[in-house]
Amino acid sequence: MGINNLTLDNYKPLRDIVFENIREAIMEGTLRPGERLMEIQLAEQLGVSRTPVREAIRKLELEGLVVMLPRKGAYVASISKKDLVEILELRVGLEGLAAFYAAERISSEGIENLEEISKDLENYVHQNDITNMLKKDEEFHNAIFESTGNSRLKSTMLSIWEPVYRFRLKYMSDYSSAVNIVEEHNRIIEALKKGEADLAEKLAKEHIEKAEQFMIEELMQDETV
């Protein structure tokens with residue numbers, strides 16, 4: 001396992017830092033699906049006692065990122081092709097719905113915010129800064145959901161998206177994919193500007209659908225390793 005010793009943050013409890021570190025390792029694929037989580041080994045690698053590691057594993061189980069198997073211990077949760085397809089199908093629908101309502105409700109300040117995020121994303125693509133590319137991509141989609149004024153729509157989206165983070169990471173790491181993402185975002189912005197709800201919905205759905213096949217192929221490769 002490639003998990004590293006912790007960098008402590010004076011403003012956060014140790015248990016939260018341990019949780020965030022293990023969670024990030026799972027999300028980024030450093031701790032792979034199906035891999036057993038050994039408390040002693042993780043504690044040694046992180047330079048902490050077993051207690052915060054045990055607490056982190058329990059919390060990760062509640063998030064669905066870890067599964068506890070009777071008499072076997074804790075393992076990084078796997079995601080099946082069926083699970084991935086269902087998540088992506090739901091995301092396609094939610095993105096389309098959000099874009100439709102955003103086209104009707106977004107403010108001029110909201111448009112300006114999206115344009116700024118898109119420019120930042122483009123700059124990070126040229127710098128090949130994957131971490132900030134992912135952050136800006138999330139900011140873009142969150143801003144559209146926020147502009148709908150529908151808090152339930154946004155919370156539903158957030159609840160389903162985390163299990164596929166590692167696939168998004170690989171998709172964003174592909175330069176041509178990242179460039180396409182910027183172009184697709186800009187087309188969505190133009191539709192929102194003009195208040196063209198049907199077009200915005202169509203473009204938003206296509207945007208997620210393009211990533212869908214890539215992610216499914218990545219999952220199939222993982223399963224053959």
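Contact, as the word is used here, means heavy atoms within 4.5 Å. The structure is a predicted model, in which local features need pLDDT of at least 70 and side-chain atom pairs count only at pLDDT 80 or more, while totals for chains, interfaces and linings use all residues. Residues are numbered from 1 along each chain as its sequence is written, and side-chain values use heavy atoms, with hydrogens and water left out.

Leaving aside residues up to four places away in sequence, Glu 184 touches His 207 and Lys 210. Its relative accessibility is 6%, so Glu 184 counts as buried. Buried means under 20% relative accessible area, exposed over 50%, and partly exposed in between, with a 1.4 Å probe and protein chains only.

Helix H2, residues 39-46, has Glu 39, Leu 42, Ala 43, Gln 45 and Leu 46 as buried residues. They lie on the same side of H2, because they cover an arc of only 165° around the axis; the arc is that of the directions from the helix axis to the C-beta atoms. The partners against which the buried residues of H2 pack are helix H1 (14-27), strand E1 (36-37) and helix H3 (50-63). After H2 comes Gly 47, with a positive phi near 75°.

Positive phi values also occur at residues other than glycine. Arg 71, with phi near 65°, is one of these, and it is found in the loop between strand E2 (66-69) and strand E3 (73-76). Arg 71 counts as exposed, at 84% relative accessibility. Asn 128, which is not a glycine, has a positive phi of about 55° and lies in the loop between helix H5 (108-127) and H6.

The aromatic rings come next. Rings of Phe, Tyr and Trp (its six-membered ring) pair if their centres lie within 6.5 Å; planes under 30 degrees apart count as stacked, over 60 as edge-to-face and the rest as tilted. The count by this rule is two aromatic pairs. In the pair of Phe 100 and Tyr 101, the ring centres are 5.5 Å apart and the planes stand at 90°, so the pair is edge-to-face. Phe 100 is part of helix H4, residues 81-105, and touches Ala 197, Asp 198 and Glu 201, again not counting residues up to four places away in sequence. Tyr 101 is partly exposed, with a relative accessible area of 27%.

On a 1 Å grid over the protein atoms alone, a cavity is a set of points where a 1.4 Å probe fits but cannot get out, and a pocket is an open set with protein on both sides within 12 Å along at least five of seven lines; lining residues have an atom within 4 Å of a point. Grid points are joined across faces, edges and corners, and a volume is the space filled by probe spheres set on the points. The largest cavity has a volume of about 130 Å³. It is lined by 13 residues, and Asp 137, Trp 161, Arg 168, Tyr 171 and Ala 211 are the closest to its centre. H10 provides the largest share of this lining, four residues. The largest pocket has a volume of about 520 Å³, and H6 gives the most to its lining, with seven residues.

Notes. Helix = DSSP H or I, 4+ residues; strand = E, 2+ residues; numbered from the N terminus.
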